[in-house]
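Me: I would like to go through a structure with you. Could we take it topic by topic?

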Amino acid sequence: MSALKLGIVGAGGMASYHFDGFTRAGAEVVAMADKDIARAREFGAGRGISRFYTGLGEMLDGSPEIGAVSVITPNKFHKPLVIEALERGRHVYCEKPPALNAAETEAMKEAAEKAGKVLMFDLNNRARPEAKAIMYYIQNGKVGEINSAQATWIRRNGIPGFGGWFTNKAIAGGGPVLDLPHMFDLALYFMGYPEPDWVLAAVYDDFMGNPAFKGPWGIPDLAGGVTDVESACHAFITFKTGQCLMIRSSWAEMNEREVVSVTFQGRRSGGKIERLFDIDGLDGTSIDNCAIFTEEDGRQVDYLIKAEKDETMGRVAQAANFVDAITGKEAPLNTPAQAVIMMKLVDAMYESAAARRPVKL
Ligand SMILES: NC(=O)c1ccc[n+]([C@@H]2O[C@H](COP(=O)([O-])OP(=O)(O)OC[C@H]3O[C@@H](n4cnc5c(N)ncnc54)[C@H](O)[C@@H]3O)[C@@H](O)[C@H]2O)c1
C-alpha cells in the first residue's frame, strides 16, 4: 500500500512537530500552503516538500493525491479550513483549540461524520508518556472512578505578545481559557470525558498591555492591534455523573511561578502529573513527573512513575497517532465528540463569568 500523502496548511511553530509525527508514522508530507508562501517554502526547504501554495483550495487542486490535511493557522480559520478539507474528502488534523466555540466545533464534527473521515485535534498532552502511564493505572482499575480533579496551567508572565492574533478575541476566540486547554482536557480524559452539568467561572484581564507580563514565547507585538482577551480564568465544574473539576488557566497572574499540572482523587487511588522546572538541566518546560497515591494492606503507598522523557510534549506522538488512526493501526487519542464537550465548557466559562452566575449545561 502506498504511503498516505499529507498537506500542511500554516507554517506556524507546530508545523515541525506535525511533520515529524506524520513521517514517523510512515506518511509523506508532499505539499504546504501558507498565505505567506515564503514562510511555507522556508519550512519545506530541507524537508523534501516540493509543492507550495497560498491556500488550502489551491493545494487540493494542485496536489489531488493528498489524502489528509493538517491545519496550523490562527484559531478563527480552523472551522472553515477543516470543513473545506472534509467536504473535499480529506482526513483532517487540526491544532488546538478546535475552533472559536462549541457551535463551530459541532459543525466540524458533523462534517467529519458526513464525509466519513477522521477528524482529530492536537491535544498533545494526552500523547505524553506520563499521561499514558497514568492512563494505564486508570484503565486497569487501580484508580477507580475519579471523583474530583484540579487542572492548572497558570503563568506568572506568559502573555504571548500584544495586539497580534493571540490577544484579539475575534481571531483567537479568547485568552488562556482557549489557548491553554491542555490540562483541563487531560483531566477530562482521565475522568472519562463526563457530561458537564454546572459551570461557575470568573475571568480577569489584569496585566494585559503591561510588558512586564509578556512571555518569552508567542508572536511579535502589533502596534495598533487589538488586545481584548482575558489574562486569567478560575472555574468550578460539576458533571452529571457527580464528578467535579476545578480549572485555573492564566497567561499572567501573581503566582510564585508557572504551574502546569493535573491532580485527581479517585475512589481507589489519587494521582498527579506535573511539569518540572529547571530540574537536572532538562528543558524545564517539557518534562513531566507523574505519581499515583494509594493504600495497600493498611499502608499509604506512593508510586513515583518513571516514564520515558519526551521533549516534544507528546506533539510528535499525537501527530503520529492521527496517521495510525487513519490506517487503523491505533485508536484515535481524541474524538470530535470530546472536542465538542471541551468547547461547551469554554463557552459556559465565558457565559458564567459575564453573567456572574453558574451556568447549567
Ligand atoms: N499544541 C500546542 O502546544 C500549540 C502551541 C502553539 C500554537 N498552537 C496552535 O497552533 C495554531 C497556529 O499558531 P502559531 O503560533 O503557529 O501561529 P502563527 O501566527 O505563528 O502561524 C500561523 C501561520 O498560518 C498562516 N495562515 C493564517 N491563515 C491562513 C490561511 N487561511 N491559509 C493558509 N495559511 C494561513 C499564517 O500566514 C502563518 O504563517 C493555533 O491554533 C495555536 O493555538 C498549538
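This is a predicted model: local features need pLDDT of at least 70, side-chain atom pairs count only at pLDDT 80 or more; totals for chains, interfaces and linings use all residues.

Me: Into which domains is the chain divided?

Reply: There are domain 1 (5-121) and domain 2 (126-311 + 341-360); the bounds come from an automatic or database domain assignment. Their C-alpha centres lie 26 Å apart.

Me: How many residues of domain 1 are in contact with domain 2?

Reply: Eleven residues of domain 1 are in contact with ten residues of domain 2, where contact requires C-beta atoms, placed from the backbone, within 7 Å. The domain 1 side of this contact divides into six nonpolar, three polar and two charged residues. Here Ala, Val, Leu, Ile, Met, Phe, Trp, Tyr, Cys and Pro count as nonpolar, Asp, Glu, Lys and Arg as charged, and the others, Gly among them, as polar.

Me: Which residues of the largest nonpolar core touch the most other members?

Reply: Val82, Val92, Ala187, Phe190 and Met349 do, in a core of 117 residues. Such a core is a set of buried Ala, Val, Leu, Ile, Met, Phe, Trp, Tyr and Cys residues joined through C-beta atoms within 7 Å. A residue is buried if 20 or more other C-beta atoms lie within 10 Å of its own, exposed if 12 or fewer, and partly exposed in between, with C-beta atoms placed from the backbone.

Me: Which helix gives the largest share of this core?

Reply: Helix H11 (residues 336-355) does, with eleven residues. Helices (H or I, at least four residues) and strands (E, at least two) are DSSP runs, numbered from the N terminus. The core draws at least three residues from each of domain 1 and domain 2.

Me: And what does Met349 touch?

Reply: Leaving out residues up to four places away in sequence, Met349 touches Val177, Val199, Ala201, Cys233 and Ala235.

Me: Now the sheet of nine strands: what is the order?

Reply: The sheet is open, with mixed pairing and the order E14-E13-E12-E11-E7-E10-E9-E8-E15; strands pair if DSSP finds at least two bridges between them. Strand E14 (299-305) and strand E15 (359-360) each have a single partner strand, so one side of each is left without a neighbour in the sheet.

Me: How does E15 join strand E8?

Reply: Two bridges join E15 to strand E8 (residues 196-204), and the two run antiparallel. Val199 stands opposite Val359 in E15.

Me: Changing topic, which residues come nearest to the ligand?

Reply: Gly10, Gly12, Asp36, Thr73 and Glu95 come nearest, out of 23 residues around the ligand; a residue is near if its C-beta atom, placed from the backbone, lies within 6 Å. The shell has eight nonpolar, seven polar and eight charged residues.

Me: Lastly, where is Lys76?

Reply: Lys76 is in the loop between strand E4 (68-71) and helix H4 (78-87). Lys76 counts as partly exposed, because there are 18 C-beta neighbours inside 10 Å.

Methods:
Residues are numbered from 1 along each chain as its sequence is written. Two residues are in contact if their C-beta atoms, placed from the backbone, lie within 7 Å.
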